[in-house]
Amino acid sequence: MIWIMKNKPNIIAVIPARGGSKRILNKNIRNICGKPMIQWVLEELKKTKFIKDIIVSTDSHEIKKTVETLGIKVPFLRPSNISDDFTSTSVVTKHALKWYEQNISKVDYVITIYPTAIFTSHNEILMAYKKIINEGWETVFTATTFPFPIQRAFFLNKKNLIQMFQPEMFYKRSQDLTEAYHDAGQFYFSNTHAVLNETPAFSDKASIILLPRHKAIDIDTEEDFIFAEKLLGISNKIN
């Protein structure tokens, strides 16, 4: 099937970049391999060519200033009532979409991409674009496999003793267990209906772009940051 539409859809990107990072100070604009973290994401978005506008949703004047030096306008500061630790990404994306449609133009699709998604390439964004256009999904997001069978997972109970979640799986061979996947936490490509209705990504209306595990790095701690920086440095040398 030819994936290019006769009438080019209006697509915007939303980057949720809150300023209140507690575990890594100024995480979203902290330099990693010579660039602010968010710059790696912005550069990949610009390479796609089919994204009309990029909206950085932030409550931080410092992030706004950094982004604008990179050539991206920040048309509003995110309201404080949707800038706390408990506000979901879907709420932030919906707010940005509604602002854009009220002030600029109607939108067909939104890609929400995290400023920490430094290993996502424009090729994967293009793959998601083709998939959502061709196959009619409401959302396409990045996922990867767990490195070990989740059926063998255990926890420490109240007596601090090992207890399996699924003890009946103990004697099963690894190859007989169903492979499990998880959200890679990179981006979500959705139609506006899904965004406005805050339709969960985990539904029968969604599909995935499968990433190798080394690209699904969640940068939440200082240890994560150091590991990501080393991996990014190696990747740049290879490329």
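## Surface, cores and salt bridges

Setting aside residues up to four places away in sequence, L161 touches F155 and L156; contact here means heavy atoms within 4.5 Å. L161 sits in the loop between β7 and β8 (162–164). Strands are DSSP runs of E with at least two residues, helices are runs of H or I with at least four, and both are numbered from the N terminus. L161 counts as partly exposed, because its relative accessibility is 48%. The classes are buried (under 20% relative accessible area), exposed (over 50%) and partly exposed (in between), with a 1.4 Å probe and protein chains only.

The model is predicted: local features need pLDDT of at least 70, side-chain atom pairs count only at pLDDT 80 or more, and totals for chains, interfaces and linings use all residues. Residues are numbered from 1 along each chain as its sequence is written, and side-chain values use heavy atoms, without hydrogens and water.

**Surface patch**

L156, one of the contacts of L161, belongs to strand β7 (residues 154–156). Together with F154 and I162, L156 makes a nonpolar surface patch of about 340 Å². Such a patch joins nonpolar side chains (Val, Leu, Ile, Met, Phe, Trp, Tyr) within 5 Å, from residues with over 30% relative accessible area and no salt bridge; in charged patches, like charges are joined within 9 Å. Areas come from the Shrake-Rupley method with a 1.4 Å probe, and for residues only the protein chains shown count as cover.

**Cores**

In soluble globular proteins, nonpolar side chains tend to be buried together. The largest nonpolar core here has 33 residues. A core is a set of buried Ala, Val, Leu, Ile, Met, Phe, Trp, Tyr and Cys residues joined through side-chain atoms within 4.5 Å. I15, L45, V56 and F189 touch the most other members of the largest core. Two or more residues come from each of β1 (11–16), α1 (37–47), β4 (53–57), α2 (61–69), β5 (109–113), α4 (122–135) and β9 (181–191). Helix α4 gives the most, with five residues.

L45 shows how these elements meet. Beyond its neighbours within four places in sequence, L45 contacts A13, I15, I51, I54, I113 and I125. A separate core has 11 residues, among them W40, F119, I217 and I219.

**Helix α4**

The 14 residues of α4 should span 20 Å at 1.5 Å a residue, and its end C-alpha atoms are 20 Å apart, so the two agree. The expected span is 1.5 Å times one less than the number of residues. Buried in α4 are E124, I125, A128, Y129, K131, I132 and I133. Their cover includes β1, α1, β5, β6 (139–145), β9 and β10 (206–210). G136 follows α4 with a positive phi, near 80 degrees.

**Q186 in β9**

Strand β9 holds Q186. Q186 counts as buried because its relative accessibility is 1%. Outside four places in sequence, Q186 contacts T112, I113, Y114, A117, F119, T120, T142, L211, K215, A216 and I217.

**Salt bridges**

Side chains of opposite charge can pair when their charged atoms come close. The rule asks for a side-chain nitrogen of Lys or Arg within 4 Å of a carboxyl oxygen of Asp or Glu. The count is 11. The table gives examples.

| Pair | N to O distance |
|---|---|
| E222 and R30 | 2.8 Å |
| E44 and K47 | 3.0 Å |
| K64 and E68 | 3.0 Å |

E222 and R30 link distant parts of the chain, 192 residues apart. E222 lies in helix α6 (residues 222–238), R30 in the loop between β1 and β2 (31–32). E222 is partly exposed at 35%, and R30 is partly exposed at 27%.

E44 and K47 both lie in α1, three residues apart, about one turn of the helix. E44 is buried at 13%, whereas K47 is partly exposed at 44%. K64 and E68 are both in α2, four residues apart, again about one turn. K64 is partly exposed at 22%, as is E68 at 35%.

**Positive phi**

Most residues other than glycine have a negative phi. C33 is not a glycine, yet its phi is positive, about 55 degrees. C33 lies in the loop between β2 and β3 (35–36) and is partly exposed at 29%. K49 also has a positive phi, near 75 degrees. K49 is in the loop between α1 and β4 and is exposed at 68%.
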